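Hi,

Here is the structure I promised to pass on. Have a look at it first, and my notes follow below.

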Amino acid sequence: TLIDAINILRNNSELWVDKLEFIITGKGDCVQYFEELAKIERSPFIKVKGRLTDSEYIDVIQECDVGLALKQNTGMLANTTFPSKVIELASSGLLVLTTNISDVKFVLSDGAIYLDNDRVDSLLDSLQWIVENPDSAESLARIGVLAVEKQCAINIAGDNLTKYIFNNEK
């Protein structure tokens with residue numbers, strides 16, 4: 001979906017597109033496609049960082065305003081994974097743009113932008129809103145930080161784990 005979105009954006013002459021840059025980290029099946037897109041000097045610009053050390057990854061996160069977590073809503077693993085990536089992004093102060101999978105909404109509440117489908121136009125609309133509404137996007141990111149702090153605080157996590165363990169023993 002992101003690759004399709006980038007291709008559409010590159011054919012878009014609207015000014016807001018010039019404010020986008022995507023930094024791709026990690027490894028995966030699609031990295032080579034992002035590497036090809038990165039060779040083209042046209043907005044939105046792409047940087048492919050690949051696999052990083054923890055400190056390199058933190059440096060990349062600090063360069064960003066928005067973190068994307070775009071695991072497909074309809075994918076096999078959509079409701080079976082823990083949303084650690086969105087927790088990491090939000091706790092770093094980034095606005096999270098994510099698909100509405102697993103427990104993401106439970107953790108981030110109203111502190112993220114959720115894609116309820118896997119359509120490219122939904123992603124594009126969300127990206128445009130973020131660019132055109134920077135103050136609102138920043139406020140939303142702050143709500144996400146607070147939501148993560150609330151859900152993942154040591155005492156809250158401990159209480160939830162205790163409830164989970166003992167409620168399942170019955």
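E138 is partly exposed, because its relative accessible area of 47% falls between the 20% and 50% cut-offs. Please keep in mind that this is a predicted model. E138 forms a salt bridge with R142, with 3.0 Å between the closest N and O atoms. Both residues sit in helix α7, four residues apart, which is about one turn of the helix. R142 is partly exposed too, at 46%.

That pair is one of five salt bridges in the structure. Another joins K85 to E88, with the closest N and O atoms 3.3 Å apart; these two lie three residues apart in helix α4 (residues 84-91). D121 and R119 also meet through their side chains, at 3.1 Å from N to O.

The largest nonpolar core has 26 residues, and L9 and F22 touch the most other members. Helix α7 is among the elements that supply at least two residues each, as are α1 (2-10), β1 and α2. The most comes from α6, with six residues.

F22 also stands opposite I46 in β2. Strands β1 (residues 21-25) and β2 (residues 45-50) pair in the parallel sense over five bridges, and together with helix α2 (residues 31-38) they make a right-handed β-α-β unit.

Y164 belongs to helix α8 (residues 154-167) and counts as exposed, because its relative accessibility is 56%.

Best wishes

How values were computed
Residues are numbered from 1 along each chain as its sequence is written. This is a predicted model: local features need pLDDT of at least 70, side-chain atom pairs count only at pLDDT 80 or more; totals for chains, interfaces and linings use all residues. Side-chain values use heavy atoms; hydrogens and water are left out. Buried means under 20% relative accessible area, exposed over 50%, partly exposed in between (1.4 Å probe, protein chains only). Two strands pair if DSSP finds at least two bridges between them. A crossover is right-handed if, with the strands pointing away from the viewer, the path from the first strand over the helix to the second runs clockwise. A nonpolar core is a set of buried Ala, Val, Leu, Ile, Met, Phe, Trp, Tyr and Cys residues joined through side-chain atoms within 4.5 Å. A salt bridge is a side-chain nitrogen of Lys or Arg within 4 Å of a carboxyl oxygen of Asp or Glu.
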